[in-house]
Amino acid sequence: MNEIKIFSPATVANVSCGFDVLGLCLDTVGDEMIVKKIKNKKVTISKITGHDLPYEAENNVAGVAALSLMEYLNPNCGFDIEIHKKIKPGSGIGSSAASASGTVFAINELLGKPLTNKELVPFAMKGEELASKALHADNVAPVLLGNFTLIRSYEPLDIIAINAPNNLFVTIIHPQVAIKTSEARKVMPTSIELKKAIKQTGNMGGLISGLFTSDYELIGRSLQDEFAEPYRASLIPNFNQTKQASMEAGALGCGISGSGPSIFALSKGKETAQKVGNIMAKCFKNTDIEYDIHISKINTKGIKILESK
């Protein structure tokens, strides 16, 4: 195999109660990437569509991730990357993670899969570090593994895959305003009071239990954020109105996707998820802010191979 074309999906990180340690994989929105072997032992980026991003490998999240993996595997070839961005940077649904994860996945496939997808996570994290100034895996892990993922530990890295209930759907509204992850991190405190930490720990345990047992009511009760949402909500237009309207429309829970500005809601069943999407749209129709709506099942496979030759 000398060339591969892939779909690298968007993700929701944090999922309200799992700051930096929980994420889920979407199925209906993502980037497309083409990676080819080249003779020279280097990484080049020959084409980018959909957004203005750096072509220099060391300044691009996909290039940084690729260079990290090449340094480890030391292949006798290099790679050229095409990136067709369908996830806007700064959207809060894992744009940088899709590029970084997609690149290391594609290179690994072209080299005959010397590493497992889980083993690729640290290399994708290098791309995330360039984008957000922090090494976190709550986006790249679900891209590479699918479903929900829990980062139990970063040192050493310990990732647990969690299957989602079959009838769980995600609704996303992406207001067309950009919030950089690095900037969203700056508004948060460096420490959390014990009372909030106890609540957050209980909610995260409840959410994971609800996912394993398909207890939708428990999932809903657990989608509460004591860490990030109280500080980041003010950065997102119409957040409180959208959250309240989504809950009244039947969503199990609603919160900030990653660092925002996207807002996510989990629902039982596609019909409810679509109803929530309609209500979310109404919250922005009287504003001058453009927006996208995405409705998706949980993607259980992660990255998908579209073509190879």
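## The largest pocket

About 740 Å³ of space lies in the largest pocket of this predicted model, where a pocket is an open set of points on a 1 Å grid over the protein atoms alone, fitting a 1.4 Å probe and having protein on both sides within 12 Å along at least five of seven lines. The volume is the space filled by probe spheres set on the points. Its lining, meaning residues with an atom within 4 Å of a point, comprises 40 residues, of which Pro 89, Gly 90, Ser 96, Ala 131 and Thr 181 lie nearest the centre.

At least two lining residues come from each of α2 (95-110), α3 (117-132) and α5 (181-186); helices are DSSP runs of H or I with at least four residues, and strands are runs of E with at least two. By class, the lining has 13 nonpolar, 18 polar and nine charged residues, with Gly counted among the polar ones.

## The open sheet

Four strands form an open sheet in the order β8-β9-β7-β10 with antiparallel pairing, two strands being paired if DSSP finds at least two bridges between them. β8 (253-256) and β10 (291-297) stand at the edges with a single partner strand each, so one side of each has no neighbour in the sheet. Four bridges join β8 to the antiparallel β9 (263-268), and Gly 255 stands opposite Phe 264 in β9.

Helix α10 (270-285) packs on the sheet, touching β7 (168-175), β8, β9 and β10, with contact meaning heavy atoms within 4.5 Å.

## Basis of the values

Residues are numbered from 1 along each chain as its sequence is written, and side-chain values use heavy atoms, leaving out hydrogens and water. Local features need pLDDT of at least 70 and side-chain atom pairs count only at pLDDT 80 or more, whereas totals for chains, interfaces and linings use all residues.

Technical notes
Axes are lines fitted to C-alpha atoms, for helices over the stretch in contact, and angles run from 0 to 180 degrees between N-to-C directions.
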